[in-house]
Amino acid sequence: MAEEKERKGEKKYKYSVIVPTYNERLNIALIVYLIFKHLRDVDFEIIVVDDGSPDGTQEIVKQLQDLYGEDRILLRARAKKLGLGTAYIHGLKHATGDFVVIMDADLSHHPKYLPSFIKKQLETNASIVTGTRYVKGGGVHGWNLMRKLTSRGANVLAQTLLWPGVSDLTGSFRLYKKSVLEDVISSCVSKGYVFQMEMIVRATRKGYHIEEVPITFVDRVFGTSKLGGSEIVEYLKGLVYLLLTT
C-alpha cells in the first residue's frame, strides 16, 4: 500500500490533534481511545493542553502516555486557566503535523467525524474544514430549547452582521492546515467563547478556502458546562468588535 501511494505521488500527512482540558478526568481517556479507534490508518499525535486541572486530569493523561507512548500523546500543561485561544497557541507551538485538528475533550465532538474532515480536505484542498450543526445531516443532542435558541440565535445574528460564508460560527471542531492556523491565530485577540467566531471570520476575510462537514453535537455526559451568562455577554461584545474591525 505504501509503495502504491509512493508511485501515485501521494504524500502521507501527519495530523496534530489539540485537546484543551480543564477538569476532564472523566472524559479524557475515552476521547483518546476514540481518536485512536477512528484514526487507525492515520499518522497523528494528540496534544493535551491542561490548564492546571485540580481533578487529576493530568495524572490520567500520564497513564495514557504509558499506554500509548509519549510520542503519540503529548501533555503540555499550564499552571492555570488562561483562555481557550491561548490554549490553542500553546498547543500549536508543540505541533509537528502538517494539519492541526482542534476539538473539545468533553465528548461533544465525536472523533468518528475525523475521517470525514480529512477526506473533505484531501478532496477539496481546503485550508479549513469545520464541523457544522446547521446543515442537512448535522444537529444537536442533549440541549434544552433555551440552549438551542441561544446558539442558533447567536449564529443567525453573526451571519446577518458579518457574512462569514460559514453556517456554524460558534463551533469549535475544526481541521486547519498548520500554516493557515498559525496565520489566522496570530491576528486574533479574543480569548474566550467568542474566539472560535473570530477565527473563522478572520480566515474568511483573509480569503482562505473553508469547507463544512455536518456533525451532531452532543452535550457533555460527564462534568459541567463552562458556558454561562458571562460568555454570552462576551460573545455580543466580540460580535460588535468584529463588526467594527473586519
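**Entry 1**

I began with Lys-119, which is partly exposed at 49% relative accessible area. I had to look up the cut-offs: buried is under 20% relative accessible area, exposed is over 50% and partly exposed is in between, with a 1.4 Å probe and protein chains only. This is a predicted model, so local features need pLDDT of at least 70 and side-chain atom pairs count only at pLDDT 80 or more, while totals for chains, interfaces and linings use all residues. Residues are numbered from 1 along each chain as its sequence is written, and side-chain values use heavy atoms, leaving out hydrogens and water.

Next I checked the partner of Lys-119, and found a salt bridge with Glu-123, with the closest N and O atoms 2.6 Å apart. For a salt bridge, a side-chain nitrogen of Lys or Arg must be within 4 Å of a carboxyl oxygen of Asp or Glu. Both residues sit in helix H5, four residues apart, about one turn of the helix. Helices (H or I, at least four residues) and strands (E, at least two) are DSSP runs, numbered from the N terminus. Glu-123 counts as exposed, at 52%.

**Entry 2: other salt bridges**

How many salt bridges does a search of the whole structure find? I got six. One of them joins Asp-168 and Arg-133, at 2.7 Å from N to O. Asp-168 is in the loop between helix H6 (145-162) and strand S7 (174-177), and Arg-133 is in the loop between S5 and S6, so this pair ties together parts 35 residues apart in sequence. Are these two buried or exposed? Asp-168 is buried at 1%, and Arg-133 is buried at 7%.

I also looked at Glu-198 and Arg-202, whose side chains meet in a salt bridge at 3.1 Å, N to O. They are about one helical turn apart, because four residues separate them in helix H8 (residues 195-205). Glu-198 is buried at 0%, and Arg-202 is buried at 13%.

**Entry 3: the nonpolar cores**

I then turned to the largest nonpolar core, which has 32 residues. Such a core is a set of buried Ala, Val, Leu, Ile, Met, Phe, Trp, Tyr and Cys residues joined through side-chain atoms within 4.5 Å. Ile-35, Ile-46 and Met-103 have the most contacts inside this core. H2 gives the most to it, with six residues.

What does Met-103 touch? Leaving out residues up to four places away in sequence, I noted contacts (heavy atoms within 4.5 Å) with residues including Val-17, Ile-31, Ile-35 and Phe-173.
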